[in-house]
Amino acid sequence: MNPAPDRADELRIVGKRYYGRWLSALLVLLCVAAMAHSMINNPRFEWGVIADNFTEASILQGVVMTLQLTAISVVLGFAFGTVLALMRLSSNPVLVAVSWAYTWFFRGVPMLVQLFLWYNIAALYPTLSLSLPGAGELWSAQSNALISPFSAAVIALVMHQSAYAAEIVRAGIQSVGNGQLEAARALGYRPAQIFRFTILPQAMRAILPPAGNEVIGQLKTTAVVSVISLQDVLFSAQIIYQRTYEVIPLLLVATLWYLLMTSVLSVGQFYIERYFSRGVSRGQSRTLWRSLLNGVTSTRSERSISNG
């Protein structure tokens with residue numbers, strides 16, 4: 001009498017074949033290859049002109065101006081936005097109302113309109129002055145002398161950025177649980193210490209992803225300053241193609257520079273997010289992945305045994 005076969009030898013796991021996945025990948029790769037072939041072999045792109053103007057002196061000056069405007073508006077915008085977020089979360093109704101009204105106005109008015117308003121502020125206030133009751137006028141100056149194209153661009157960008165930054169910071173602060181605050185108070189922390197050592201480190205995990213996107217968006221938003229003749233990347237490209245009539249190649253030069261700068265910022269965002277998420281996101285993702293694999297393996301084994 002032959003012995004009964006081992007039940008484990010009958011179990012066999014067959015991998016699922018994803019035909020639709022391979023077909024969709026093939027179609028996408030064919031489309032990408034067709035687009036790349038068209039761009040490379042189309043003489044109207046004038047890649048030689050693009051290469052000659054990519055590092056042209058005025059273009060590089062425009063890159064520096066774009067980065068300078070981005071850095072100033074992001075730093076000042078998030079600093080002011082943090083103040084607005086704290087005002088919005090305070091128990092003072094006046095501060096809450098002012099913060100809400102500021103955010104409502106500067107998020108509702110398009111950036112280009114804000115830029116024109118600040119650039120033409122002299123039409124509303126020809127003279128800016130500072131005076132005190134009983135002391136008279138302490139200081140005055142002409143608005144046209146103070147509000148240059150650069151200062152108008154900085155003011156408009158900072159005002160615009162701070163409205164969005166306020167909402168990002170507010171959402172990050174509200175993501176910290178009340179239990180964390182109660183624990184900090186139980187340890188005797190003062191309000192400033194609670195914000196610095198308890199709220200801010202945890203809120204950064206929620207703040208950084210949208211803040212990184214906002215920084216990249218702000219870099220692209222700086223392109224609107226070209227309408228007031230401020231020499232950023234786009235305005236530098238416009239100056240050249242108005243002289244040479246090579247419109248498309250110069251616009252592609254500006255496009256490539258914006259892609260390069262946003263790519264660098266994206267890499268920086270990745271490492272900053274990983275730094276603030278250390279010890280949390282990795283451990284959670286590994287645990288989730290292992291539990292998922294264990295669940296899939298056990299489910300397959302149970303199905304194979306039941307079928308056997």
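The entries below start with the whole chain and then go to single helices, rings and loops.

**Entry 1: the whole chain**

I began by reminding myself that this is a predicted model. I then looked up the secondary structure and found 13 helices and two strands in the protein chain. The protein chain has 308 residues, and buried ones make up 31% of them. I also checked how far contacts reach along the sequence. Among contacts in the protein chain between residues at least 6 apart, 73% join residues at least 24 apart.

**Entry 2: the length of α5**

How far apart are the end C-alpha atoms of helix α5? I worked out the expectation before looking. Helix α5 runs over residues 93-108, which is 16 residues, and at 1.5 Å a residue it should span 22 Å.

Which residues of α5 are buried? I noted Ser99, Tyr102, Thr103 and Phe106. These four cover an arc of only 95 degrees around the axis, and therefore sit on the same side of α5. A reminder to myself: an α-helix has 3.6 residues a turn, so residues three or four places apart point the same way.

I then asked what the buried residues of α5 pack against. My note lists α4 (57-89), α6 (111-119) and α8 (149-174). Turning to the face away from the buried side of α5, I found the exposed residues Pro93, Val94, Trp104 and Gly108.

**Entry 3: aromatic rings**

I searched the whole structure for aromatic pairs and got eight. One of them joins tryptophan 100 and tryptophan 104, which are stacked with 6.1 Å centre to centre and 5 degrees between the planes. Both tryptophans lie in helix α5, four residues apart, or about one turn of the helix. Tryptophan 100 has 45% relative accessibility and so counts as partly exposed, while tryptophan 104 counts as exposed because its value is 56%.

Next I turned to tyrosine 102 and phenylalanine 106, whose ring centres are 4.5 Å apart; their planes are at 40 degrees, so I wrote this pair down as tilted. Tyrosine 102 and phenylalanine 106 are four residues apart in helix α5, which means about one helical turn separates them. Are these two buried or exposed? Both tyrosine 102 and phenylalanine 106 are buried. I also found that Phe80, Tyr102, Phe105 and Phe106 form one aromatic cluster.

The charged end of arginine 21 sits over the ring of tyrosine 18, 4.0 Å from the ring's centre.

**Entry 4: glutamine 269**

Where does glutamine 269 lie? It is in helix α12, residues 247-276. With 17% relative accessibility, glutamine 269 counts as buried, because the cut-off is under 20%. I listed what glutamine 269 touches, leaving out residues up to four places away in sequence: Leu208, Pro209, Gly212, Asn213 and Ile216. For leucine 208 I took the distances too: glutamine 269 and leucine 208 are 61 residues apart in sequence and 7.8 Å apart in space, C-alpha to C-alpha.

**Entry 5: positive phi in two loops**

Glutamate 46 has a phi near 55 degrees, a positive value in a residue other than glycine. I placed glutamate 46 in the loop between α2 (19-41) and α3 (47-53). Its relative accessibility is 31%, so glutamate 46 counts as partly exposed.

Tyrosine 245 is not a glycine either, and its phi is positive, about 60 degrees. I found tyrosine 245 in the loop between α11 (233-244) and α12. At 69% relative accessibility, tyrosine 245 counts as exposed.

Conventions:
Residues are numbered from 1 along each chain as its sequence is written. This is a predicted model: local features need pLDDT of at least 70, side-chain atom pairs count only at pLDDT 80 or more; totals for chains, interfaces and linings use all residues. Side-chain values use heavy atoms; hydrogens and water are left out. The expected span of a helix is 1.5 Å times one less than its number of residues. Buried means under 20% relative accessible area, exposed over 50%, partly exposed in between (1.4 Å probe, protein chains only). The arc is that of the directions from the helix axis to the C-beta atoms. Contact means heavy atoms within 4.5 Å. Rings of Phe, Tyr and Trp (its six-membered ring) pair if their centres lie within 6.5 Å; planes under 30 degrees apart count as stacked, over 60 as edge-to-face and the rest as tilted. A charge sits over a ring if NZ of Lys or CZ of Arg is within 6 Å of the ring centre and within 35 degrees of the ring normal.
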